[in-house]
Each structure stands twice: as C-alpha cells, then as structure tokens.
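Subject: Structure handover

Hello,

Here is the structure I promised to pass on. Please open it first, then read my notes below.

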Amino acid sequence: ANLTGEVEGAAAANTLAVLERSKGRALLIDEAYVLDPTRKHNIYGANVLDTLVEKLDGEAGSDCAVILAGYKDEMFNMLQNANPGLRRRFNVDDFGIHFEDMTDTELR
C-alpha cells in the first residue's frame, strides 16, 4: 500500500487506513528509511512517521505490530533524526533481527 500519497494530508489518511486494516496483524514497512524527512525534505514521509508515532503508543491491546525494515545505516539515521518519538517506539540500540548478506549459491 502507498502510505505517502501525492497531496498534502493524504499521507496521514493513508497511514491511518493501513493501520486500521492491520489490526490483529503485523504491518511490514519495507525500505522504511525512504520515509525519513531529512532525505530530500520528504514532507509526506514525515507525515507518515508522525502518524505512526501518534498511533503506536505501545499500550497493551494496541493489536498491531509494526516492523520497519531497511538498510541498517539508513534505518539508524532515520530512527535517530526523523522524529524523536520513533526512538521510544523502535529501539535504536537493538536493531532486532539483522540478516547477513547471502551469496547466490546460499540462496539456492
């Protein structure tokens, strides 16, 4: 699903709709670092992150797990600099699961 949209205000509405559809499930946001507003003044990405911070309060019964995936350095920069609330919701000291690069042979 496209979280950002193409007009002002669409990002928050799209993100709320995706979070609503994700209740009782896990939401995977791949290449999440592209939402980082410090990259090319990405206001739509900032709106997505602001909405996630607002809605992901970590309270019991929230009924949605959000997984942010992406390249380690880019993710670290986003979590450190994009929105202070992200650091409280996604631990920057423990990147969770890190997958080492695999060769073509290993993937077969």
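Leu-52 touches Thr-15, Leu-19 and Ile-29, leaving out residues up to four places away in sequence. Contact here means heavy atoms within 4.5 Å. Leu-52 sits in helix H2. Helices (H or I, at least four residues) and strands (E, at least two) are DSSP runs, numbered from the N terminus. With a relative accessible area of 1%, Leu-52 is buried. Buried means under 20% relative accessible area, exposed over 50%, and partly exposed in between (1.4 Å probe, protein chains only). Leu-52 and Leu-86 are 34 residues apart in sequence, yet 8.4 Å apart in space, C-alpha to C-alpha.

A word on the source. This is a predicted model: local features need pLDDT of at least 70, side-chain atom pairs count only at pLDDT 80 or more, and totals for chains, interfaces and linings use all residues. Residues are numbered from 1 along each chain as its sequence is written, and side-chain values use heavy atoms, with hydrogens and water left out.

**More of helix H2**

Leu-49 also lies in H2. Leu-49 is buried, at a relative accessible area of 1%. Its contacts, apart from neighbours within four places in sequence, are Leu-35, Asp-36, Pro-37, Met-78, Ala-82, Asn-83 and Leu-86. Leu-49 and Ala-11 are 38 residues apart along the chain, and 9.3 Å separates their C-alpha atoms.

From Val-48 to Gly-9 is 39 residues in sequence and 9.8 Å in space, C-alpha to C-alpha.

**Helix H3**

Which residues of H3 (residues 72-81) are buried? They are Met-75, Met-78 and Leu-79. Seen down the axis of H3, these buried residues fall within an arc of 95°, so they line one face of the helix. The arc is that of the directions from the helix axis to the C-beta atoms. An α-helix has 3.6 residues a turn, so residues three or four places apart point the same way. The cover over the buried residues of H3 includes helix H2 (43-55), strand S2 (64-68) and helix H4 (84-89).

**One backbone point**

Look at Glu-31. Its phi is positive, about 50°, although Glu-31 is not a glycine. Glu-31 is in the loop between strand S1 (25-29) and H2. At 40% relative accessibility, Glu-31 counts as partly exposed.

**The whole chain**

The protein chain has five helices and two strands. Along the sequence the pattern is α-β-α-β-α-α-α. The C-alpha trace spans about 45 × 35 × 25 Å along its principal axes. Of the 108 residues, 33% count as buried. Among contacts with a separation of 6 or more, 62% are between residues 24 or more positions apart.

There are 11 positive and 19 negative side chains, and the centres of the two sets lie 4 Å apart. Lys and Arg count as positive and Asp and Glu as negative; His and the chain ends are not counted. Each charge is placed at NZ of Lys, CZ of Arg, CG of Asp or CD of Glu.

Best wishes
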